[in-house]
Amino acid sequence: MNGTTTLPFGLCDGKGGRLSPLGYAALLFLCIVLYLPGFFTLPPTDRDESRFAQATKQMIESGNYTDIRYQDEARYQKPAGIYWLQAASVTLLSPGNLTNIWAYRIPSLLGVIAAVMLLAFFAARLIGARGGLAAGAIFACCFLIGVEARQAKTDAVLMLCITASQLLLMHAYTAHRAGKPVSLPAALLFWLALGAGILIKGPISALIAALTVITLAIADKGAAWLKQLRPLAGVPLALAVIAPWLIAITLYSGGTFIEESVGQDLLNKIWSGQARGIVPPGLHTLLGLVTFWPFSLLLLLALPALWQKRGEPAVRFCLAWALPTWIFYELIFTKLPHYVMPVFPAFALLAAMAWFGREPLAGAGAAVPRWYRRTAIALWAGATLALAALPVWLAWLDAKAAIYQDLALAIIALSAALIAVRRLMLNEAGQSAAALVICGVALSQALLGWTLPGLSQPWIAPRAMAAIEHYRPCPGKPTHIAVTGFGEPSMVFLAGTDTYRANSGVNAAIDTLHNPCALTLVEETRLPGYMSLLAGVNIVPEHLATIDGFNYNRGERVALHLFRNP
């Protein structure tokens with residue numbers, strides 16, 4: 001079955017060469033099914049999401065959209081682009097409640113959906129409607145993409161910018177190889193997307209484009225095709241996107257922004273591992289089975305055939321996009337799973353070309369050595385079993401009410417996985433892909449839709465805020481909150497910008513000593529200092545509640561005690 005085969009239900013045009021509006025609607029429906037479960041109910045997560053949301057909240061509260069702050073601390077690790085998008089979303093959708101975390105997540109959700117559509121659009125023109133639909137669905141179903149669509153951070157929007165810039169770069173490359181010109185709008189859109197990516201997360205999008213170009217220049221022994229991008233007109237356009245805010249924040253911070261964002265944040269990730277420790281190479285490759293799951297199976301089985309076809313322009317470009325970036329992130333000392341996400345569109349396009357393109361690599365899974373095929377399937381099966389077991393295990397530990405739903409969905413997912421492998425071995429790639437989509441949807445619903453939002457132990461800040469709301473000492477007046485021993489950003493985001501994070505029980509007691517409208521949250525290990533200070537001034541605080549939980553950032557159990565002074 002080739003890529004020109006007409007898709008059913010009017011998903012493509014009459015010739016099967018382009019996706020129809022109904023085809024894009026089908027991808028949109030898939031995205032909604034994958035990403036909306038848990039989107040509104042998952043509490044603010046620590047630490048990055050809540051830090052971004054809190055900094056955005058402070059922009060809205062202060063009206064200062066140039067400076068980026070987390071309470072009194074300057075937050076100069078990233079540019080302002082994502083904060084502006086989040087602020088616009090919150091102002092439009094939740095102006096009366098700045099602690100609705102879902103409103104901060106909307107740019108990430110829309111960014112992922114737009115990236116899916118953009119990839120499908122370019123892929124359909126490159127390898128046909130069937131390949132475009134497959135590329136979009138493969139990318140949409142990636143486990144890590146589903147996680148980031150629910151996070152109020154930079155990465156999903158950055159993914160959109162990188163997807164746009166890299167696909168336009170690929171258009172220039174393949175057009176040159178085919179002897180065709182690149183239109184001025186397409187060239188300028190590349191530079192616009194590149195500038196937008198820099199405004200979202202600094203030089204990452206430019207770095208990936210540079211690695212791609214350098215790799216292609218080495219492989220092709222030249223890069224004359226770059227002239228089609230009109231750099232004389234494009235570079236000023238990219239600078240026009242970045243420069244106004246960069247100049248403003250440089251002047252505002254006295255140069256501190258450049259020092260912290262490049263000198264500390266970026267270089268520390270490369271050379272020192274930051275506070276997360278140094279991780280040796282290989283982690284991203286090991287996790288790739290899970291982060292690109294469920295379609296890591298198709299990609300693994302297609303890699304040998306794709307490497308044989310590396311001389312073809314589209315395959316060569318995708319390999320030049322993915323491999324050097326992947327190697328770069330394997331070599332730097334700081335490693336977080338989402339770092340390699342910008343290469344996932346290339347992976348999805350490679351998998352779609354191998355199995356569903358106009359000239360698919362028929363039998364890509366069967367053309368590899370038997371030992372390789374069996375090893376790939378065994379590794380993928382292990383990742384599938386682990387992902388299926390995870391929501392059931394978490395529900396058993398905490399949210400037992402959802403365990404039967406999780407068991408049912410795990411059975412559905414594992415059954416679909418078995419069907420996918422069987423169909424693939426019979427060279428029925430379309431049926432295998434449909435089974436993999438069912439597999440991905442089932443486990444996305446189980447883990448991200450039901451289990452994680454239903455847990456109680458990890459979500460300490462929302463439970464602490466529920467207790468605070470119940471015991472507010474001065475109805476109609478603001479409650480001052482001091483917390484010691486649990487200074488996670490989610491607590492600050494929910495409790496308010498003025499929340500005092502005390503570094504000891506003594507300081508927490510001093511802060512609330514003479515404030516009748518104050519409540520104090522004291523972690524159990526900080527109780528001796530807190531109680532001793534109050535005992536010295538003959539005050540016996542009233543114990544209101546205890547919030548037990550699990551701090552997943554530190555990997556330890558905590559108990560917070562809520563007090564007020566008589």
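Let me start with Lys221, which is exposed, with a relative accessible area of 77%. This is a predicted model, so please hear every value as computed from it. Lys221 sits in the loop between helix H9, residues 204-220, and helix H10, residues 231-253.

Asn538 belongs to the loop between helix H22, residues 527-536, and strand E6, residues 542-551. With a relative accessible area of 72%, Asn538 counts as exposed, because the cut-off for that class is over 50%.

Next, the peptide bonds. As background, most residues other than glycine have a negative phi, and most peptide bonds are trans. Which bond joins Asp46 and Arg47? A cis peptide bond, with omega about 0°. Arg47 is placed in the loop between helix H1, residues 21-35, and H2. The bond from Trp293 to Pro294 is cis as well, and its omega is near 10°. Pro294 is in the loop between helix H12, residues 283-291, and H13.

Take H2, residues 48-62, against H3, residues 81-93: their axes come within 9 Å and cross at roughly 65°. The two helices are therefore roughly perpendicular to each other, and H2 passes H3 in a right-handed crossing. On the H2 side, the contact is made by Phe52, Ala53, Ala55, Thr56, Met59 and Ile60. They meet residues of H3 including Ile82, Tyr83, Trp84 and Val90. By type, the residues of this contact are 10 nonpolar, three polar and no charged.

Now H13 with H16, where H16 covers residues 370-397. The axes come within 10 Å and cross at roughly 160°. That angle is over 145 degrees, so H13 is roughly antiparallel to H16. The crossing of H13 and H16 is right-handed. From H13, Ser296, Leu297, Leu300, Leu301, Leu303 and Pro304 take part, and from H16, Tyr372, Arg373, Ala376, Ile377 and Trp380. This contact divides into nine nonpolar residues, one polar and one charged.

Glu312 lies between H13, residues 296-308, and helix H14, residues 313-331. Is Glu312 exposed or partly exposed? Its relative accessibility is 40%, so it counts as partly exposed. Glu312 and Arg177 are 135 residues apart in sequence, yet their C-alpha atoms are 9.6 Å apart in space.

Last, the core. The largest nonpolar core has 138 residues, and Tyr35 and Phe344 touch the most other members. Which residues does Phe344 touch, leaving aside those up to four places away in sequence? They are Phe139, Cys142, Leu144, Ile145, Thr291, Phe292 and Trp326. There is also a second, separate core of 29 residues, with Ala464, Phe486, Phe493 and Leu521 among them.

That is what I have for today. I will take questions now.

Methods. Residues numbered from 1 in each chain as written. Predicted model: local features only at pLDDT ≥ 70, side-chain atom pairs only at ≥ 80, totals over all residues. Heavy atoms only, no water. Core = buried A, V, L, I, M, F, W, Y, C linked by side-chain atoms within 4.5 Å. Buried < 20%, exposed > 50% of the residue type's maximum accessible area, 1.4 Å probe, protein only. Contact = heavy atoms within 4.5 Å. Axes fitted to C-alpha atoms, helices over the stretch in contact; angles between N-to-C directions. Helix = DSSP H or I, 4+ residues; strand = E, 2+ residues; numbered from the N terminus. Parallel < 35°, antiparallel > 145°, perpendicular 65-115°, else oblique. Left-handed = near helix turned anticlockwise from the far one by under 90°. Nonpolar A, V, L, I, M, F, W, Y, C, P; charged D, E, K, R; others polar.
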